[in-house]
Every structure is written in C-alpha cells, then in structure tokens.
Amino acid sequence: MLIPLIFCIAILIGIVLTLTRLATVPEDTCFVIEKSGKYETTWEKGIHLRMPGQKVKNKVPKKKITLPMPPQVITTSDNRQVVPHGCIIYEVQDPVKYTYGCAHVEQALAMLCSASLREIIGKLDLRSCKSAPENISEELTAKVNSGSE
C-alpha cells in the first residue's frame, strides 16, 4: 500500500519539475542559452526543456526592427545645410553575434548610419540630394551592410 503511494508522489514531483523547466519560444523570437556563463546553444521557435544550470541570456527578435534616425545637420559639397529625416530598419541575421558582439547594438547602428549618411551627403550638392534620395538610400545600405559585418 505504501509503495504505490510513494511511486505516485515521485511521478507527480517529476511532472511538476518537468513543467516548471519547460520554455516556450515564440515564433518571431529565438533564445540565446548560456550554461555556466558560456554560450551553449540557440533555441528557435517551439517548446524546449531547460536543464539545470541553463539560463536565457537574450531573447533576440527575428522580425524587422525600426529605429528612429537621430536628427542631424549635414553640410553638402556646395556648403548648404540639410537635415535628413528617416528611420533605420534592420533584421538580426545571427543571434549569437547580436548578443555577444556589441554591448549596445542599436546605439552602434545609429552611429554607423549617421556617420555613413554624413559621408554620402557631404559628397553631393543640394540638387542631387533632393533629386535622387533612392541613390542615397542604396549607397547608405551598402555602406552599413559592409560596416556591420
């Protein structure tokens, strides 16, 4: 009589421990997992069982993220000043590099975009800045992609 009761209690404890260790990763996110302070794995969408010692270091979004572009005054090649308005749209390709590569990713990305935009607009005159914003956007995308690797 006592053995089945102990067996049922052990199973109940096992089920409770398992359910408390389950982690559900949403579809548009992935989790970077650490064990003992070192990178262990990356969890994609779905249900995962967290082992003792594992912790979620970062929840990385996999969808496109929009950041406002900080306003700045830029001088063109013909000594005119312009204040471009825009936004930064980025998507995380490698969650591990996103987590461990840079402490403040969004701030670094904003600084990279601002510096690249100043360089691009500084080479152009006012007329070409206003007539071909697509060219500026394409050149900025190419510069940021090469600078962010």
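Helices (H or I, at least four residues) and strands (E, at least two) are DSSP runs, numbered from the N terminus. The model is predicted: local features need pLDDT of at least 70, side-chain atom pairs count only at pLDDT 80 or more, and totals for chains, interfaces and linings use all residues. Residues are numbered from 1 along each chain as its sequence is written, and side-chain values use heavy atoms, with hydrogens and water left out.

**View 1. Salt-bridge network of Glu 119, Lys 123 and Lys 143.** A salt bridge is a side-chain nitrogen of Lys or Arg within 4 Å of a carboxyl oxygen of Asp or Glu. Lys 123 and Glu 119, both in helix H3, are four residues apart, about one turn of the helix; their N to O distance is 3.8 Å. Glu 119 also pairs with Lys 143, with the closest N and O atoms 3.1 Å apart. Because Glu 119 lies in helix H3 and Lys 143 in helix H5 (residues 133-147), this pair ties together parts 24 residues apart in sequence.

**View 2. The salt bridge between Lys 62 and Glu 44.** The closest N and O atoms are 2.7 Å apart. Lys 62 belongs to the loop between strands E5 (54-61) and E6 (65-68), and Glu 44 to the loop between strands E3 (38-43) and E4 (46-49).

View 3. The side chains of Thr 29 and Asp 28 are joined by a polar contact of 3.3 Å. A polar contact is a pair of N or O atoms within 3.5 Å; within protein, one must be able to donate a hydrogen and the other to accept it, and residues adjacent in sequence count only if both atoms are side-chain atoms.
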